[in-house]
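Here's a quick tour for anyone meeting this structure for the first time. Have a look at the fold below, then read on for the main points.

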Amino acid sequence: FNLIVISHTSVGVKEIDSRIDFNVFPNPANERVRITFSELQTAGTIDFLNLSGKLISSKSMNGLRNYSFETQDFAPGVYLIRVNNQMGQTTKKIIVE
């Protein structure tokens, strides 16, 4: 008696084509992080979160093309910058030293 087991498990997350184009620098950061958008942002928020998902800071993006915030009081580690607007949501990682 022969037993043949064929198993195929596929696990993945479909990437969402986000239209929110922004850069975060410097990364890693010491005192300040700067966010620049390719286009003027007319609505939405910039959220700064720890890796547990706890909201540390939030800023309205109404009329923003550039934004900077102080990181010198944050504990060293990895944080998330989440940008939400009418086109969707994009999250990027930032390291604070």
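Of the 97 residues in the chain, 30% are buried (buried means under 20% relative accessible area, exposed over 50%, and partly exposed in between, with a 1.4 Å probe and protein chains only). Keep in mind that this is a predicted model, where local features need pLDDT of at least 70, side-chain atom pairs count only at pLDDT 80 or more, and totals for chains, interfaces and linings use all residues. Residues are numbered from 1 along each chain as its sequence is written, and side-chain values use heavy atoms, leaving out hydrogens and water.

**The overall picture**

- The chain has 7 strands and 0 helices; both are DSSP runs numbered from the N terminus, with at least four residues for helices (H or I) and at least two for strands (E).
- Reading along the sequence gives the pattern β-β-β-β-β-β-β.
- Take the contacts between residues at least 6 apart in sequence: 52% of them join residues at least 24 apart (contact means heavy atoms within 4.5 Å).
- The chain's accessible surface is about 7,100 Å², and carbon and sulfur atoms hold 49% of that; areas like this come from the Shrake-Rupley method with a 1.4 Å probe, and for residues only the protein chains shown count as cover.

**How the strands pair up**

- Strand E1 (residues 22-25) runs antiparallel to E2, and 4 bridges join them; two strands pair if DSSP finds at least two bridges between them.
- E1 and E2 make a hairpin, with 6 residues between the two, and Val 24 sits opposite Ile 35 in E2.
- E2 also pairs with E5, again in the antiparallel sense, over 6 bridges.
- Then there's an open sheet of 4 strands with antiparallel pairing, in the order E4-E3-E6-E7.
- E4 and strand E7 (88-96) are at the edges of that sheet with a single partner strand each, so one side of each has no neighbour in the sheet.
- From one strand to the next, the twist averages 20° (axes are lines fitted to C-alpha atoms, for helices over the stretch in contact, and angles run from 0 to 180 degrees between N-to-C directions).
- Inside this sheet, E3 and E6 are antiparallel and share 6 bridges, with Phe 48 opposite Ile 81 in E6.

- Val 33 is part of strand E2 (residues 32-41) and counts as buried because its relative accessibility is 0%.
- Its bridge partner in E5 is Phe 69.
- Leaving out neighbours within four places in sequence, Val 33 has contacts that include Val 24, Phe 25, Ile 81 and Ile 94.
- Thr 71 belongs to the loop between strand E5 (64-70) and strand E6 (77-85), and it counts as buried too, at 0% relative accessibility.
- Val 33 and Thr 71 are 38 residues apart in sequence, yet 6.8 Å apart in space, C-alpha to C-alpha.
- Not counting residues up to four places away in sequence, Thr 71 touches Ala 29, Asn 30, Glu 31, Arg 32, Val 33 and Val 96.

**Salt bridges**

- You'll find 2 salt bridges here; each is a side-chain nitrogen of Lys or Arg within 4 Å of a carboxyl oxygen of Asp or Glu.
- One of them joins the side chains of Arg 32 and Glu 70, at 2.6 Å from N to O. Arg 32 is in strand E2 and Glu 70 in strand E5, so the pair ties together parts that are 38 residues apart in sequence.
- Arg 32 counts as partly exposed at 45% relative accessibility, and so does Glu 70 at 39%.
- Asp 47 and Arg 82 form a salt bridge too, with their closest N and O atoms 3.0 Å apart. This pair links distant parts of the chain, with Asp 47 in strand E3 and Arg 82 in strand E6, 35 residues apart.
- Asp 47 counts as buried at 6% relative accessibility, whereas Arg 82 is partly exposed at 24%.

**A nonpolar patch on the surface**

- Leu 51, Val 78 and Ile 95 make up a nonpolar surface patch, with about 250 Å² of accessible area together.
- Patches are made of residues with over 30% relative accessible area and no salt bridge, with like charges joined within 9 Å and nonpolar side chains (Val, Leu, Ile, Met, Phe, Trp, Tyr) within 5 Å.
- Leu 51 is in the loop between strand E3 (45-50) and strand E4 (55-60), and at 55% relative accessibility it counts as exposed.
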